[in-house]
Amino acid sequence: AIWTFTMATEEKAYTAPPREENSSAFKQLPPTKLEKCQELVRTVCRRAPFVVFMLDALKKAGCEVNPEKMIKCEECPMFGAWDAEMNEVVLCGNHVKSESHAEVVITHELIHAFDACRAKVDFTNIKHIACTEIRAANLSGDCFFTTEFFNRFNFGLAKQHQICVKRRAVLSLSTVAKVSEEEARAAVDSVFDVCFADTEPFDRIP
């Protein structure tokens with residue numbers, strides 16, 4: 001399976017191998033936590049604006065969408081993951097507990113889903129992966145001002161959003177593609193302007 005994912009920290013990246021091949025990384029949640037996570041997913045899919053928008057955008061693009069089957073709750077060492085082969089979003093219920101956090105993580109992974117369907121992303125091509133990581137960081141809420149300022153104290157001016165997007169894309173790419181940070185940065189830099197400007201299915205950066 002081909003994976004992209006949202007890390008639990010920016011300091012330590014986690015690889016995301018297929019669940020069936022690495023049971024130590026992906027585990028079934030205990031029944032009570034699983035039920036809470038599934039209820040969180042249902043709530044977010046019903047009323048979180050960005051998730052509702054992305055699910056509708058996937059449908060309009062002709063992509064297969066069934067939130068109950070598409071979004072899985074599991075125990076894992078990151079926040080969320082996208083499995084391109086299984087067409088599944090994984091929400092890590094052991095780390096994601098609030099609606100606002102779940103909205104950002106699920107939106108991030110649904111942007112990968114949208115790119116896989118719309119653009120036929122080649123997940124063996126490092127520049128393709130770089131592009132979808134840039135778009136997901138740019139459009140999901142990962143780098144919105146309030147998140148950056150209150151959670152990371154990385155306050156800046158006009159360029160702060162772009163700096164955050166590039167930083168997150170490089171970190172994700174280096175782990176997903178299993179390349180050095182230098183190689184990841186070169187790939188991100190090579191496609192950044194085009195992919196940052198591509199805000200589909202949004203009219204602009206939300």
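**Figure 1. Elements that cover the buried residues of helix α1 in the predicted model include α2 (49–60), α3 (67–70), β2 (71–74), β4 (88–92) and α4 (99–118).** The buried residues of α1 are Leu34, Cys37, Leu40, Val41, Thr43, Val44 and Cys45. In an α-helix, residues three or four places apart point the same way, because there are 3.6 residues a turn. Helix α1 runs over residues 31–47, and its end C-alpha atoms are 24 Å apart. This agrees with the 24 Å that its 17 residues should span at 1.5 Å a residue.

**Figure 2. Asn87 lies in the loop between β3 (80–83) and β4.** Asn87 is not a glycine, yet its phi is positive, near 55°. With a relative accessible area of 26%, Asn87 is partly exposed, since that category covers values between 20% and 50%.

**Figure 3. Lys178 lies in the loop between α7 (160–176) and α8.** The phi of Lys178 is about 55°, again positive in a residue that is not a glycine. Lys178 counts as exposed because its relative accessibility is 69%, and the cut-off is over 50%.

**Figure 4. A cis peptide bond links Glu200 to Pro201.** Omega of this bond is near 5°. Pro201 belongs to the segment after α8 (181–197).

Figure 5. Where pLDDT is low, the predicted coordinates should not be read in detail.

Technical notes
Residues are numbered from 1 along each chain as its sequence is written. This is a predicted model: local features need pLDDT of at least 70, side-chain atom pairs count only at pLDDT 80 or more; totals for chains, interfaces and linings use all residues. Side-chain values use heavy atoms; hydrogens and water are left out. Helices (H or I, at least four residues) and strands (E, at least two) are DSSP runs, numbered from the N terminus. The expected span of a helix is 1.5 Å times one less than its number of residues. Buried means under 20% relative accessible area, exposed over 50%, partly exposed in between (1.4 Å probe, protein chains only). Contact means heavy atoms within 4.5 Å.
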